[in-house]
Each structure stands twice: as structure tokens, then as C-alpha cells.
Amino acid sequence: GYLVVSPHLDDAVLSCGRFMACHEGATVVTALAGSPVSWDELTGWDAECGFAAGDNVVAARLSEDRAALGVLSSQQRTVNGLDDQYGPQPGRSGIIRAGIESALAEIGPRSCAIPLGLQHPDHIEVRSVALLVAAHAQSPTVWTVYEDLPYGPNDPSGQFHNEAFAAFAEAGFLLNELQPELDSTMRIKTAAVECYVSQLGGLRRFNPNFDQDIEIEHYWSLEKNPNSGRPK
């Protein structure tokens, strides 16, 4: 099987849904699926998504994510990292790393896909942690990188992509663009995306081109650069 590392409870499907539709049986490990201590405070994004103070937002999102992954014949696995909107979490990087490493150890996937890490601080941290895991992994797992959607198309100057590519180079890795066969899978991906009922209103309000921006998926192979010395 294969593993997809997702920052939040929708990123894997938004970014890789067509690929997952072609390759059933993925396990998605979501790094930031933990719950805050209480639900008394309502964040701006959760309010935008129609939640009220006291609602267990993570429980609702877990349920939506299970439904979406079910459409793609994929499995849900979670890590108790805390979404940035719920405030700082001591040791968050270590929590994420342990979660990814235990998924790799238990599943022994043929391949593991990690985010390019564009724009959002949560995505950038998950990419950084996943790169540490990849640098020290002993398994024969093939590593790939996916472009975070819908962030990817919303980078007209290329600044976020350039920062991400620089981070991979700095960590001692080479990226080579892949061209996986994804035709005729958009219908299945759309059905999966529609399961994220609470998220879609906010996503479409903030990005009127949301539905177009999640159509084209981009992937790269991840390889250690033999000329960079030992990866950091």
C-alpha cells in the first residue's frame, strides 16, 4: 500500500484525490487532527464554516474525512498534532514526527507522499517534519511530493514554490517532476471533496476559483542529493 501525509483533515483529498482514485487502498495519516482541551472558544475559521461555540469541530471534521476517504477506498489514520488555529502546542513537531514514523513502521508502505508545503505555516511545518523522517528512513519506501491545493495555483509570483523548493534543496533532496496518469478520475475526486460539507462554504468564499484550482495535481519524486553530503 501507500501512505499520504496530510497536514489537515482534507488536504490529502484536495491535493491528491485523483491519484488516490487511481490507486485504491491508501492510508492517509493526518498530522494535525488533535482536539483542543475545550471548545469554549470559537475560532474565526470555524465560525466561517458554520460552527458555534461548544461544537466539537474536530469530531465533525473526522467524520467528513472518513466519508471522503471512503469514496476513495482509503483509510484514515490520525496524529494528535494541533491545528495552528487552536493555539501553540508544546512539542508539536515531535508529536507529528512520531505519528508519521509509527505509520511507516506499521504499514511498511511501498510509497509515501508528503506535501510540498506551500504558504500555510501548518503545511510548512508538516513538510519540514516529513523531510526529517525521509532523511532518516531506512525502509525501501519510495518518497514522492505533492503540490498543496488550492494553494498551488494561488502563487502568481512563484514565491511560495521557490521557498518550498529551496527548503528541499537545503535538506539535501532533489525533486523531479512526475507525470502520473490521472485521467477520468475528477468525477470521483469531486464526490470525495463534496464530503467536506463544513469546509466547502468557507473555501469557496475565500477562493471563487476553488473548484478549478483543485483539478490539476502535481507530483515530484524525492531523492537524496548525492552531492549534498548527509541530509540534515
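Valine 193 touches Val13, Leu14, Leu200, Phe210 and Ile214, setting aside residues up to four places away in sequence. This valine sits in helix H7 and counts as buried, at 1% relative accessibility. The model you are looking at is a predicted one.

- Valine 193 is buried because its relative accessibility is 1%, and buried means under 20%.
- Along the chain, valine 193 and tyrosine 2 are 191 residues apart, and their C-alpha atoms are 20 Å apart in space.

**The nonpolar cores**

- The largest nonpolar core has 29 residues, and those with the most contacts inside it are Ile100, Ile114, Trp143 and Leu222.
- Several elements supply at least two residues each to this core: the strands S1 (2-6), S4 (111-115), S5 (142-146) and S7 (219-224), together with the helices H4 (92-107), H5 (121-136) and H6 (159-170).
- Helix H5 gives the most to this core, with seven residues.
- A second, separate core has 27 residues, including Ala26, Ala192, Leu200 and Leu203.

**How H4 and H5 pack**

- The axes of H4 and H5 are 10 Å apart, and the two helices pack at an angle of about 50°.
- That angle makes H4 oblique to H5.
- H4 passes H5 in a right-handed crossing.
- From H4, the residues that meet H5 are Arg92, Ser93, Ile96, Arg97, Ile100, Glu101 and Leu104.
- On the H5 side, they meet Asp122, Glu125, Val126, Val129, Ala130, Leu132, Val133 and His136.
- Sorted by class, the contact of H4 with H5 has eight nonpolar, two polar and five charged residues.

**Backbone features to look for**

- Most residues other than glycine have a negative phi, and most peptide bonds are trans.
- A cis peptide bond joins leucine 149 and proline 150, with omega at about 5°.
- Proline 150 lies in the loop between S5 and H6.
- Serine 73 has a positive phi of about 50°, although it is not a glycine.
- You will find serine 73 in the loop between helix H3 (57-71) and strand S3 (75-78), where this serine is partly exposed, with a relative accessible area of 31%.
- Serine 184 has a positive phi of about 60° and is not a glycine.
- The loop between strand S6 (173-178) and helix H7 (186-193) holds serine 184.
- Serine 184 is exposed because its relative accessible area is 63%, and exposed means over 50%.

- Cysteine 22 has its place in helix H1 (residues 11-22).
- At 34% relative accessibility, cysteine 22 counts as partly exposed.
- Cysteine 22 and glutamate 181 are 159 residues apart in sequence, and their C-alpha atoms are 8.2 Å apart in space.
- Not counting residues up to four places away in sequence, cysteine 22 touches Glu181, Leu182 and Thr185.

**Glutamate 177 in strand S6**

- Glutamate 177 lies in strand S6 and counts as partly exposed, at 46% relative accessibility.
- Leaving aside its neighbours within four places in sequence, glutamate 177 is in contact with His218, Tyr219 and Trp220.
- The C-alpha atoms of glutamate 177 and glutamine 85 are separated by 32 Å, and these two residues are 92 apart along the chain.

**Asparagine 225 after S7**

- Asparagine 225 lies in the segment after S7.
- With a relative accessible area of 19%, asparagine 225 is buried, because the cut-off for buried is under 20%.
- Leaving aside its neighbours within four places in sequence, asparagine 225 is in contact with Gly172, Phe173 and Leu174.

Definitions and conventions:
Residues numbered from 1 in each chain as written. Predicted model: local features only at pLDDT ≥ 70, side-chain atom pairs only at ≥ 80, totals over all residues. Heavy atoms only, no water. Core = buried A, V, L, I, M, F, W, Y, C linked by side-chain atoms within 4.5 Å. Buried < 20%, exposed > 50% of the residue type's maximum accessible area, 1.4 Å probe, protein only. Helix = DSSP H or I, 4+ residues; strand = E, 2+ residues; numbered from the N terminus. Axes fitted to C-alpha atoms, helices over the stretch in contact; angles between N-to-C directions. Parallel < 35°, antiparallel > 145°, perpendicular 65-115°, else oblique. Left-handed = near helix turned anticlockwise from the far one by under 90°. Contact = heavy atoms within 4.5 Å. Nonpolar A, V, L, I, M, F, W, Y, C, P; charged D, E, K, R; others polar.
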